[in-house]
Amino acid sequence: MSAKRSTDGNAAGHPGREAAGTSAPVPVGIEELLERVRRGYDRIGPREAAAAAEAGALLVDIRYAALRDRDGLIPGALVVERNELEWRLDPQGSHRAPEAVGHDLQIVVICNEGYASSLAVASLRQLGLHRATDLVGGFQAWRAAGLPVTSV
């Protein structure tokens, strides 16, 4: 019995191509995975992220504590480490943050350099947070743009 295929030729439930004769996806490298994920939304730069925050978007810093301690924080950003992100931002979740007010919330995910945040956005979009995006270049780009940073 063959796996059900979606309109793009992939096996239903599998984000990648499938290996010949199996329903298992063909392995991809991280660069290809990032490219695929990023095709699904528009990423924004530091100044756009700052403007989005001014307009009510939620900036979410997913960097781990050592990086926040070393480099500082973006004022007003919600700090949620990556391993808790989906639980804290799911508007239907029992462990959601008070800021997780609905699926229409604009969210800008910020990691250190803009890689982990892209994968996090893919996960948030699967939860229905369709306005989630990430910051190109991450926290380091924010700081390099001369935008506000506070020490921990």
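**Close-up views of a predicted model**

**View 1. The pairing of β1 with β3.** Strand β1 covers residues 58–61 and strand β3 covers residues 107–110. The two strands pair in the parallel sense over 4 bridges. Opposite Leu-58 stands Ile-107 in β3. Strands of a sheet pair through backbone hydrogen bonds.

**View 2. The second largest pocket.** The volume of the second largest pocket is about 160 Å³. Its lining is formed by Ala-50, Ala-53, Glu-54, Ala-57, Leu-59, Ile-74, Pro-75, Gly-76, Ala-77, Trp-142, Leu-147 and Pro-148. By residue class, the lining of this pocket divides into 10 nonpolar, 1 polar and 1 charged. Helix α2 (residues 46–54) gives the most to the lining, with 3 residues.

**View 3. Ala-65 in helix α3.** Ala-65 belongs to helix α3, which spans residues 65–71. Is this residue buried, partly exposed or exposed? Ala-65 has a relative accessible area of 31% and is therefore partly exposed, as that term applies between 20% and 50%. Ala-65 and Val-79 are 14 residues apart along the chain, and their C-alpha atoms are separated by 9.5 Å.

Key:
Residues numbered from 1 in each chain as written. Predicted model: local features only at pLDDT ≥ 70, side-chain atom pairs only at ≥ 80, totals over all residues. Heavy atoms only, no water. Pairing = 2+ DSSP bridges. 1 Å grid on protein atoms, 1.4 Å probe; cavity = no way out; pocket = protein on both sides within 12 Å on 5 of 7 lines; lining within 4 Å. Points joined across faces, edges and corners; volume = space filled by probe spheres on them. Nonpolar A, V, L, I, M, F, W, Y, C, P; charged D, E, K, R; others polar. Buried < 20%, exposed > 50% of the residue type's maximum accessible area, 1.4 Å probe, protein only.
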